[in-house]
Amino acid sequence: MKIVVIQGPNLNMLGVREQQIYGSMKLEQIHAQMKDFASQSGLDIEFFQSNLEGEIVDKIQECYGDADGIIINPAAYTHTSIAIRDAISAVSLPTIEVHISNVHRREEFRKQNMIAAVCSSSIVGFGPFGYHLAMVGMVQIMNEIKA
Ligand code: DQA
């Protein structure tokens with residue numbers, strides 16, 4: 001089974017941007033850990049990062065017929081993008097939303113979330129470890145589908 005991990009705008013700057021909020025791990029390090037966990041769990045995994053909304057929509061659409069599950073951090077588009085929400089809804093795959101920071105404790109504008117309602121589950125506020133939690137959750141979902 002195959003999982004696609006989609007990372008939104010500015011997440012390529014992890015390790016540099018606001019370390020007090022997002023931690024010091026770089027995206028490549030997070031992905032390396034996810035890749036290890038995926039191979040231990042017998043899952044194929046692919047990683048994609050874009051700063052562009054339309055490219056993220058295209059990637060979600062490509063998952064249809066190609067992937068079994070999506071882990072996505074839409075980053076700032078979480079709060080604005082009906083297009084990303086509609087794409088997730090359209091492909092109808094198990095989708096776990098991750099936010100590194102606790103968006104509920106931050107600025108008011110981060111409380112608006114266009115994405116959560118079309119996701120299977122959300123992981124918020126665990127720092128980069130949230131991606132590992134998402135992998136554990138995704139393995140559980142994949143096992144339930146197989147059973
Ligand atoms: C984020 C939270 C968003 O509000 C922000 O725009 C991001 C990252 C997070 O992972 O905590 O870029 O999605």
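This report covers the sheet, the helices, the ligand shell and the recorded sites of a predicted model.

## Ground rules

Residue numbers start from 1 along each chain, following the sequence as written. The model is predicted: local features need pLDDT of at least 70, side-chain atom pairs count only at pLDDT 80 or more, and totals for chains, interfaces and linings use all residues. Helices (H or I, at least four residues) and strands (E, at least two) are DSSP runs, numbered from the N terminus.

## The sheet

Two strands count as paired if DSSP finds at least two bridges between them.

Strand 3 (residues 69-73) and strand 4 (residues 95-99) pair in the parallel sense over three bridges. Here I72 stands opposite E97 in strand 4. Angles run from 0 to 180 degrees between N-to-C directions, and axes are lines fitted to C-alpha atoms, for helices over the stretch in contact.

## A helix pair

Helix 3 (residues 53-63) packs with helix 4 (residues 82-91) at an angle of about 5°. Their axes are 9 Å apart. Helix 3 and helix 4 are therefore roughly parallel to each other (angles under 35 degrees count as such).

From helix 3, E53, I56, V57, I60, Q61 and C63 take part. They meet A83, I84, A87, I88 and V91 in helix 4. Contact requires C-beta atoms, placed from the backbone, within 7 Å. By class, this contact has nine nonpolar, one polar and one charged residues. Ala, Val, Leu, Ile, Met, Phe, Trp, Tyr, Cys and Pro count as nonpolar, Asp, Glu, Lys and Arg as charged, and the others, Gly among them, as polar.

## Around the ligand

The residues around the ligand are N10, N73, A75, A76, T78, H99, I100, S101, V103 and R110 (C-beta atom, placed from the backbone, within 6 Å). By class, the shell has four nonpolar, five polar and one charged residues.

## Sites from the record

UniProt's unreviewed entry lists Y22 and H99 for "active site". They span 78 residues in sequence, yet no two of their C-alpha atoms are more than 9.4 Å apart, so they gather at one spot. Y22 lies in helix 1 (residues 19-22). UniProt positions use the numbering given here, feature names are shortened, and annotations may be inferred rather than shown by experiment.

For "binding site", the unreviewed UniProt entry lists N73, H79, D86, I100, S101 and R110. These are spread over 38 residues of sequence and also in space, up to 23.9 Å between C-alpha atoms. H79 is in the loop between strand 3 and helix 4.

Note on methods
Parallel < 35°, antiparallel > 145°, perpendicular 65-115°, else oblique. Contact = placed C-beta atoms within 7 Å.
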